[in-house]
Amino acid sequence: MSQRIVVHHLENSRGNRAVWLMEELGVPYEIKMYQFDSFTFKADPALKKVHPAGKSPVVTDSDGTVVAESGLVMEYFGEKYRKTADLWADDKKGLLAIKYGLYSAEANFMTAVSMVIGNVRARQSVPMGVSFVLGKLLGVIESRWAGPELHRWLSLLDQQIGENNGFCCNGRFTVADVMYETNIYLMHKFTPHYLKDYDNIIKWYEAMHARPAFKAAHEKISQAVQTQLK
Ligand SMILES: N[C@@H](CCC(=O)N[C@@H](CS)C(=O)NCC(=O)O)C(=O)O
């Protein structure tokens with residue numbers, strides 16, 4: 001069986017990573033759009049027919065292989081196309097650095113991002129009467145645990161970028177940059193004040209968004225939303 005790669009993408013989701021990756025790799029692919037349920041914020045159950053986790057991103061390769069988890073999508077396709085697009089590494093040190101990026105972006109780092117954003121949004125949405133007490137409690141969680149934890153990962157990323165020629169690792173653009181962009185995008189959108197002291201991250205983030213492949217990915221996602229969801 002040989003067909004095009006299909007990126008199964010939920011609107012406004014980590015699925016952006018997979019589309020951007022395809023553009024950087026320069027391979028033929030198509031986007032199949034799915035929607036979040038506006039009440040439960042869960043994905044369209046149709047995604048479970050592609051992979052039982054039912055989450056985005058999930059990618060069907062041209063031979064029918066299904067790859068779920070954004071980190072694994074980066075690894076599988078980065079490795080597969082390493083000869084035609086240099087987003088991967090062949091040496092042990094380089095591979096470890098890339099894989100560290102793939103694991104850490106979705107593990108502790110994303111947990112801290114979710115905690116802080118969830119906390120800030122919860123404080124904004126609690127009803128007036130309970131907001132004082134609940135707000136205080138959430139504020140303590142953020143200032144004592146989630147905030148410092150997030151700063152730990154932001155400091156480390158900022159340092160990595162400073163030591164790697166303006167990229168996340170290996171002194172050049174790799175799949176790890178694609179992965180971390182979503183973390184910073186979320187911070188930028190919901191809690192930008194957290195980023196203000198991280199000059200390397202801010203410069204890197206702007207450079208990522210200026211990449212032709214990044215722009216092309218977002219253009220294709222907009223077209224897919226228009227043609228498939230509206
Ligand atoms: N660790 C997974 C997370 C995937 C994930 O949680 N995706 C969200 C969108 S950003 C999703 O599909 N949510 C819908 C749902 O949970 O039903 C990855 O990196 O791919």
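The largest cavity in this predicted model holds about 40 Å³ of space. A cavity is here a set of points, on a 1 Å grid over the protein atoms alone, where a 1.4 Å probe fits but cannot get out. Grid points are joined across faces, edges and corners, and a volume is the space filled by probe spheres set on the points. By this rule the count is 1 cavity of 30 Å³ or more. The largest cavity is lined (an atom within 4 Å of a point) by Tyr 100, Ser 104, Phe 109, Trp 153, Leu 156, Leu 157, Gln 160 and Tyr 180. Helix H4 (92–125) and helix H5 (128–163) are the elements that give two or more residues to this lining, and H5 gives the most, with 4 residues. Helices (H or I, at least four residues) and strands (E, at least two) are DSSP runs, numbered from the N terminus. By class, the cavity lining has 6 nonpolar, 2 polar and no charged residues. Ala, Val, Leu, Ile, Met, Phe, Trp, Tyr, Cys and Pro count as nonpolar, Asp, Glu, Lys and Arg as charged, and the others, Gly among them, as polar.

Residues are numbered from 1 along each chain as its sequence is written. Local features need pLDDT of at least 70 and side-chain atom pairs pLDDT 80 or more, while totals for chains, interfaces and linings use all residues; side-chain values use heavy atoms, with hydrogens and water left out.

The largest pocket (an open set with protein on both sides within 12 Å along at least five of seven lines) holds about 1,300 Å³ of space. Its lining comprises 42 residues, and Asn 12, Ser 13, Arg 14, Phe 36 and Phe 41 lie nearest the centre of the pocket. Among the elements that give two or more residues to the pocket lining are strand S1 (5–10), helix H1 (15–25) and helix H8 (212–228). This lining divides into 18 nonpolar, 13 polar and 11 charged residues.

The ligand sits in the largest pocket, the criterion being that more than half of its atoms lie within 2 Å of the grid points. Around the ligand are 13 residues (a heavy atom within 4 Å), and Ala 43, Lys 55, Ser 56, Glu 69 and Ser 70 come nearest. This shell has 4 nonpolar, 3 polar and 6 charged residues.

Polar contacts are pairs of N or O atoms within 3.5 Å; within protein, one must be able to donate a hydrogen and the other to accept it, and residues adjacent in sequence count only if both atoms are side-chain atoms. An oxygen atom of the ligand lies 2.6 Å from a side-chain N or O atom of Ser 70. A nitrogen atom of the ligand is 2.9 Å from a polar backbone atom of Ser 56, and a nitrogen atom of the ligand is 3.0 Å from a side-chain N or O atom of Glu 106.
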